[in-house]
Structures are given as C-alpha cells and as structure tokens.
Amino acid sequence: MELQRRRSISLPQILATWLLLMAAYTGPAECIRKTNRFHGEDEDDGSGAVEAFKYSATACRAHTASLADFGGVGDGATSNTEAFSAAVTHLSQFASDGGGMLFVPAGRWLTGPFNLTSTFTLFLHRDAVILATQDMNQWPIIDPLPSYGRGRDAAGGRYSSLIGGSNLTDVIITGDNGTIDGQGAFWWSKFHGHKLKYTRGYLIELMHSDQIFISNLTLLNSPSWNIHPVYSSNIVVSGITILAPVHSPNTDGINPDSCSNVRIEDCYIVSGDDCVAIKSGWDEYGIAYGMPSQHIAIRRLTCISPTSAVIALGSEMSGGIQDVRAEDITAINSESGVRIKTAVGRGAYVKDVYVRRMYLSTMKWVFWMTGNYKSHPDDKFDPNAIPVVDGISYSEVTAYNVTMAARLEGIPNAPFTGICVSNVTVELRKARKLPWYCADVEGVSSGVSPAACASLADQGDGAQSCPFPTDASPMDDVQLQECTYVKAISA
C-alpha cells in the first residue's frame, strides 16, 4: 500500500483547540463530564413512584441493594466504611444466584478502603460522589506486590487502595458518570514532604481477578495511580474520565500490570503522570514472578500530561510486555506520545507494539525510548538481565508544536531492533539540526518528515506502511447487556 502523507491539519487543529479549551475551563476537582450512556426514567406501576436506571454492562444482576439500606449517610462527613463493607458482605451471598449490585445514591459518601466481591456490580448515581477519607488510620497497611518486592514510594508495605479486591471473578464498577474522589492533595503533600512510611494507595486496584469491567465514571485526585488491575485478565475499561492536577505526583491514569486481554477505550485523562502505563514487575522480583502483560488494545484515548507520556511501556516490565495495539490517540501538552522505559537489570522484553493514527500537539518528544532508566528496587538486580526491545511500529502520526521528533536510546551492545516508523509528519516549534536522536537502535522508516535518523533506514515513499495486526484483539468480542435497576422514590 502506497504511503499517503497527511497534508490537511484541520482535524488535529480542531481537536487541539477543543482540548485546550477543556484544560483552560476545567478545574481538576470540579469537572464532571456527563454522558448519555445511562438514563433515569420515572415510572409508576400502581404501587408507588419508582425510578428506573438503564445501563450497559457485561452482566446484569438478580439482586440489588442501596448503600442507604445499610446505614449509609451521604453528607460528606459521616464515615460509610462499615456501610460499604456490610453491603458487599450481604450481596456476596448471591454470587451463585445471579449476583448482586450495590447502588450508591446521590450524595457525598465518605469512606475508607473497602473490598468488592465476585459476581458483583458497584453502581454510582450521576450525583453520587465516593469520597476517600483523609484519616490515615482507616487505610490498612498491606504487603508489597510480589513482582515489585517493595512499595513504589518507600521500601516495605503499602496503603490499601480505596476500592479493592483479590481473587474475584466478574466484577463491574460503573454508573451514570458518578464520581470517585481520592482527595489526593492530602497524600501529595505528605509525599513531597517525605512524611510517608508506606506507599500511597491507589483509587481502584483489583488483583488476581478475571472478567473486570470498569466504565462510565469520573475519577478525581487519586492519591497515586487511578486504575490498577494486576495479575488479572479479561479487562475492559471504557468511558472513564480521569482528572488530577498536571503536577500531582504519580497520578497515572490506567496501569494494567501483569495483565492479559485488556481493552481500554474512549477515555479522557488529565494527570501528573502517564495516561496509560503498561507494567509487569520490577527487576529480580518481576523476573521471578514471570507474569507478562500481553494482548492489550488502547483505542480513542485523549490525554493531557505535561510531564509524562500518553502511553508508556515500563519502566517496570520484568515479566515482559507483548502485543500492544494503540490507535486513534489524541493528546496535547504532553511530554511524549509513546515512551518505552527499561534498563539493564530488568530482563524480559517489550515486543510487538503497534501504534497508529496519533494526533499530537505541543509535545517535547513524539517518540521516546530509553534503555537507561535507572530506577531499581534495590541493589540486588542482575546486571546480566538485559531486556529485549523488538518489533515496535509507529504509523500515521501527525504532531505539531514539537520540540524534538524523537529520542531513541537503546542499550550498548544490545540495541533495540525491529523499529518501523512510517507516514509520520512532525512540525517542530523551531528548526533543529538534529530533530531525531538515535543511539543503539535499528530499524526502517518511510514517509517521515523531518527525515528519521540514519539507523532507521529510509525505504522511500513507495514502501509499505509499518504493520498493524488485522486479526481481532481477544476482547473485541465482549458483549454488553442492557440492564435496568429500579429504585423506589421516597414520597
């Protein structure tokens, strides 16, 4: 297929203008994007007024309950930790009988961390806000992840995530764009002040679980990462808005970690770290655990992250990363479009990564790779554990107001190989003698402006475009059901 250069800039300009307006007029704690995925209708069956909520999910539940039924108080001040725990425990009895759904009504529901159960839906009303408590005593300390060997912020354990669960099957977290607010400023201040003994908790973390569906929510101001499925499979994250100040520490958006069969789509993320980061363990601990992240599709992602990447692979990738497909990605005011981060001591591999149709504006780098990311959990890593980076394809990329097209740095005597770049147009904010920097990388290019470095040999404008798989991703055949929850309206 002959390459066609993109010469019209109307679509990226329109998208960039829209995103800039969103960033200018949207405060990170105030903006809640409303959607029409979930509708309320008042009905009357003759026995009293009811409100019927219709929504789409991977499964509907036979048994339902409201948080208010368990003593929940949505005044923003009363702790609801016990109410959430009691409600989940009650609904867990229906796991083999059609499952249970917990409805969180309109209100501000202050709570400490709580865990979910299998065959279960957590469902937020459009005006419901789950508020994370700022009482540190309500955040249990749990063990570090075995594939990391320690916490990310500090050696040792970590605080529990706000919404968690382990060894679960069929878990749904959804709603009518209801909100989960981590009230993270409290944690960011302590982190910057070096006042934390343990690693900050995440907003949502599900471990060792299968069939996870997270959709149609707004996540605000997480203490650290927002959505962290780990050691899990068959995951869909769809229609999620994630907002945090752009200089908040480590507020990554969506981080699949040692996970397989993942679909991330139609998400809007403003954060202080990577919008999507794919991980699989840290140095010798990740090598020993040996669980890769693989078969991951990312589609229609919109990102603003001035200090980090739109999509990152690593740096913790010691279980391996393979078969990542990203397409239709839009970003402004972000440090890099795609970043691969690894180091000697990581071992394993990053391979078969395919990216196409990216529209970027105001970037430091479009592409960034480094084999010298020096963060290690301790000094026990194996200096002979050399990671392999191979089979990386970028095509159909348009970028404007960019400092440098790419910075690609492999590992001496272990170059990154199989890099393909095609049909890429980068407009630099000012002319540079070296718009591309390449060291210890090998590959090909075609239809690239400004021209790629010599180690990415130019194949000419008539060359084939870089590959992108034509087979379906494992999660493409996931079917959604139309569900209804009926709630009585108080007189």
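Leaving aside its neighbours within four places in sequence, which residues is Ile180 in contact with? Select Ile180 and then Leu124, Ile130, Leu162, Ile163, Leu203, Ile204, Leu217, Thr218, Leu219 and Leu220, which are its partners beyond those neighbours, a contact being heavy atoms within 4.5 Å.

Before going on, note that this is a predicted model, in which local features need pLDDT of at least 70 and side-chain atom pairs count only at pLDDT 80 or more, while totals for chains, interfaces and linings use all residues. Residues are numbered from 1 along each chain as its sequence is written, and side-chain values use heavy atoms, with hydrogens and water left out.

Next, select Leu122, Ile298, Leu313, Phe367 and Trp436, which, together with Ile180, have the most contacts inside the largest nonpolar core, a set of 96 residues. Such a core consists of buried Ala, Val, Leu, Ile, Met, Phe, Trp, Tyr and Cys residues joined through side-chain atoms within 4.5 Å, where buried means under 20% relative accessible area (1.4 Å probe, protein chains only). At least three residues of this core come from each of domain 1 (63-251) and domain 2 (317-475), with bounds from an automatic or database domain assignment.

Now turn to the open sheet, where four strands (DSSP runs of E, at least two residues) lie in the order S7-S12-S15-S18 with parallel pairing, which requires at least two DSSP bridges between two strands. Strand S7 (114-115) and strand S18 (227-230) each have a single partner strand, so one side of each lacks a neighbour in the sheet. Finally, select S15 (residues 204-207), which four bridges join to S18, and find Leu206 opposite Pro229 in S18.

Methods:
Buried < 20%, exposed > 50% of the residue type's maximum accessible area, 1.4 Å probe, protein only.
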